[in-house]
Amino acid sequence: MKSVSAVAAADWDACAGDENPFVSHAFLSALEDSGSVGPGSGWRPQHLMIPDAAGVPLAVAPLYLKTHSYGEYVFDWSWANAYEQAGGRYYPKLQAAVPFTPVTGPRLLVRPDVPDSDRLRQALLAAMVQFADRAGMSSVHVTFPTEGEAALAADMGFLHRQGQQYHWENPGYRDFSDFLDTLASRKRKSIRKERERANGHGVTLQTLTGDDLEPRHWRAFFQFYLSTADRKWGRPYLTQDFFLMLGERMADRVALVLGTDDDSGQYVCGALNLIGANALYGRNWGALADYKFLHFEACYYRAMDFAIARGLRWVEAGAQGEHKIQRGYLPQPTHSVHWIADPGFREAVARFVEQERAMVSEDMAALTAFGPYRRGERQGD
């Protein structure tokens, strides 16, 4: 399918479920309708669907034809360079993913009332390989799938790659002080001082969701998004229309933290989160000036506050950043799976993935051991 809109929203969401907002019809269609993906973006929709006899979807998968490796957060630039230096053509490739979104979630979406759902997930994976093989593509990549989906794909011959992110778990804290009580004394004092300094800039933060969100909030936030893109990426992936559509289509699944300058009354920073059934997902941050520690307050601590208030089980704070450990976010594994057409190239990638997986596991164990929690009181113990 050339667009997710080829499937009725109710039919797509019957497969996607309501746990993860990023695979919802509303989110994926906002990416397409806003021009954030599609012509000129290097992300061309090629979504898959397996219908029943009446044409009703039993399973779907968000799938894209990629002409580059931007916006994926599972880096394969070195693979592309090696393959092309050897005379191959790495692009285009197939990517089962949510564009610009390094968030773990289902990628092989099956209606919950369908028996033998793994058979349909295998059929989706097989269809991706067949599509790539017929088109002479170098590879198929499924990024940030669930652990179960990754294991299923590995059983079918996909190479299983492991990465890591930093997540905060909420075992049922009553408030933020409840969480602080689990920390070593030095870390507890450090976070309190950090929050105090972050809130001492004359900037008032508020968290908006649902009907409280207005187009003016999104227009302000888009400027913060552009400022971050200018400093880090050089090219913004998302358009202003995307954020406006997000507010129109799924405002009740958004928690937007905005900071207002107390003197001017102008918005000066913002942090975007999406709300899942069990988790809060931190996505984008930006500010018009440098405010010491305000990033940590808006993105991490306010996210914790929101998760505690809503009874959400964890917060995912996005890709990268060992500094998150000192603020209560511990490393968690992420997954991707890869089908490589060329046997020789596949063998080389397989060796790399195996070595990388061992290094990531060792790194996660070491980082967790030196986290902020009291000995014997780390989250999940």
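Which side-chain oxygen reaches to within 3.1 Å of the backbone nitrogen of Gly344 at the start of H11? The oxygen belongs to Asp342. This approach is a polar contact, defined as a pair of N or O atoms within 3.5 Å, where within protein one must be able to donate a hydrogen and the other to accept it, and where residues adjacent in sequence count only if both atoms are side-chain atoms.

The model is predicted: local features need pLDDT of at least 70, side-chain atom pairs count only at pLDDT 80 or more, and totals for chains, interfaces and linings use all residues. Residues are numbered from 1 along each chain as its sequence is written, and side-chain values use heavy atoms, with hydrogens and water left out. The labels H and E stand for helices (H or I, at least four residues) and strands (E, at least two), which are DSSP runs numbered from the N terminus.

Helix H11 covers residues 343-369. The expected span of a helix is 1.5 Å times one less than its number of residues. For the 27 residues of H11 this gives 39 Å, which agrees with the 39 Å between its end C-alpha atoms. Several residues of H11 are buried, a word that here means under 20% relative accessible area, whereas exposed means over 50% and partly exposed lies in between (1.4 Å probe, protein chains only). The buried residues are Phe345, Val349, Val353, Glu356, Val360, Met364 and Leu367. An α-helix has 3.6 residues a turn, so residues three or four places apart point the same way. The buried residues of H11 pack against helix H3 (77-85), E8 and E14.

The strands E8 and E14 also belong together. Two strands pair if DSSP finds at least two bridges between them. Strand E8 (residues 159-169) and strand E14 (residues 330-340) run antiparallel and are joined by 9 bridges. E8 is also joined to strand E13 (residues 314-316) by 3 bridges, again antiparallel. His167 has a bridge partner in each of these strands: Leu330 in E14 and Glu316 in E13.

Pro145 lies in the loop between strand E7 (139-143) and helix H5 (147-155). Its relative accessible area is 1%, so Pro145 is buried. Leaving aside neighbours within four places in sequence, Pro145 is in contact (heavy atoms within 4.5 Å) with Thr104, Gly105, Arg107, Ala150, His335 and Ser336.

Charged side chains provide a further theme. Side chains of opposite charge can pair when their charged atoms come close. A salt bridge is a side-chain nitrogen of Lys or Arg within 4 Å of a carboxyl oxygen of Asp or Glu, and the whole structure holds 15 of them. Glu72 is buried at 4% relative accessible area, as are Lys66 at 0% and Lys93 at 0%.

Another salt bridge joins Asp178 and Arg174, with the closest N and O atoms 3.2 Å apart. Here Asp178 is buried at 16%, whereas Arg174 is exposed at 70%. Elsewhere, salt bridges that share partners join Lys66, Glu72, Asp76 and Lys93 into one network.
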